[in-house]
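Here is a short note to read with the model open beside you. Take the points in order and find each residue as you go.

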Amino acid sequence: MRRHNSTIARAFTLVEILIVVVILGILAAMVVPSFANAVEPSQQAAFATNIRGFAQSVELYRVREGDFPPDGTSGQIPNGLEAYIDVSTWERTTPIGGVWDSESDPADLGYGVGVHFNGTGETRDDVYMTELDAIFDDGDLTSGAFREFGDGRYYYVIQPGD
């Protein structure tokens, strides 16, 4: 005599699977915006870290060479600074968009490193850059260590002008 097992194999139904997929979709919809909001502060922090590192490298150059590096073209590392800065980092788009730049204007800026929004990557406005300035100092783009110098040009001042 054969005995029949009365237990039946249980599997998920299509409706149960769909319910789980919908719940996961709802959870993802709630979580994704919070990650998107974390991108801006991390980009600003990376920019601030990079620019401070570049400023320290320029200071080291000045101490060793007796003067600041020559004024550079936007997106290209100034001559002689290659030994002090990772060239690939300088020639990449900055974490906030635009390209790295050095500027020498003894009468106004003095010497500084910064970002030039020349159409490369995302372009930021004064409101965004004022938020970024608050990381450096006073939140005012007309004074302090981080300033606006011309349209789409923002620099961390290493040596103030006359």
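**Notes on the model**

1. Met-129 sits in helix H3. Helices here are DSSP runs of H or I with at least four residues, strands are runs of E with at least two, and both are numbered from the N terminus. Met-129 is buried, at a relative accessible area of 0%. Buried means under 20% relative accessible area, exposed means over 50%, and partly exposed is in between (1.4 Å probe, protein chains only). The C-alpha atoms of Met-129 and Arg-52 are 16 Å apart, and the two residues are 77 apart along the chain.

2. A word on the source. This is a predicted model, where local features need pLDDT of at least 70 and side-chain atom pairs count only at pLDDT 80 or more, while totals for chains, interfaces and linings use all residues. Residues are numbered from 1 along each chain as its sequence is written, and side-chain values use heavy atoms, leaving out hydrogens and water.

3. Which residues have the most contacts inside the largest nonpolar core? They are Phe-47, Val-113, Met-129 and Phe-146, in a core of 27 residues. Helix H1 (14-65), strand S2, helix H3 and strand S4 (153-159) each give two or more residues to this core. H1 gives the most, with 7 residues. A nonpolar core is a set of buried Ala, Val, Leu, Ile, Met, Phe, Trp, Tyr and Cys residues joined through side-chain atoms within 4.5 Å. In soluble globular proteins, nonpolar side chains tend to be buried together.

4. Now look at the surface. Val-15, Ile-19, Val-20, Val-22, Ile-23, Leu-24, Ile-26, Leu-27, Met-30 and Val-31 form a nonpolar patch there, with about 920 Å² of accessible area together. Ile-19 lies in helix H1. Ile-19 counts as partly exposed, at 47% relative accessibility. Patches take residues with over 30% relative accessible area and no salt bridge; like charges are joined within 9 Å, and nonpolar side chains (Val, Leu, Ile, Met, Phe, Trp, Tyr) within 5 Å. Accessible areas come from the Shrake-Rupley method with a 1.4 Å probe, and for residues only the protein chains shown count as cover.

5. There is also a negative surface patch, made by Asp-125, Asp-126, Glu-131 and Asp-151. Asp and Glu count as negative, Lys and Arg as positive, and His and the chain ends are not counted. A charge is placed at NZ of Lys, CZ of Arg, CG of Asp or CD of Glu. Asp-125 is in the loop between strand S2 (110-116) and helix H3 (126-136). Asp-125 is partly exposed, at 44% relative accessible area.

6. How many salt bridges does a search of the whole structure find? It finds 5. A salt bridge is a side-chain nitrogen of Lys or Arg within 4 Å of a carboxyl oxygen of Asp or Glu. Asp-101 and Arg-153 form one, at 2.9 Å from N to O. Asp-101 is in strand S1 and Arg-153 in strand S4, so the pair ties together parts 52 residues apart in sequence. Asp-101 is buried, at 0%, whereas Arg-153 is partly exposed, at 24%.

7. Glu-122 and Arg-124 also meet in a salt bridge (3.4 Å, N to O). Glu-122 is partly exposed, at 45% relative accessibility, but Arg-124 is buried, at 9%. Salt bridges that share partners join Glu-40, Glu-122 and Arg-124 into one network.
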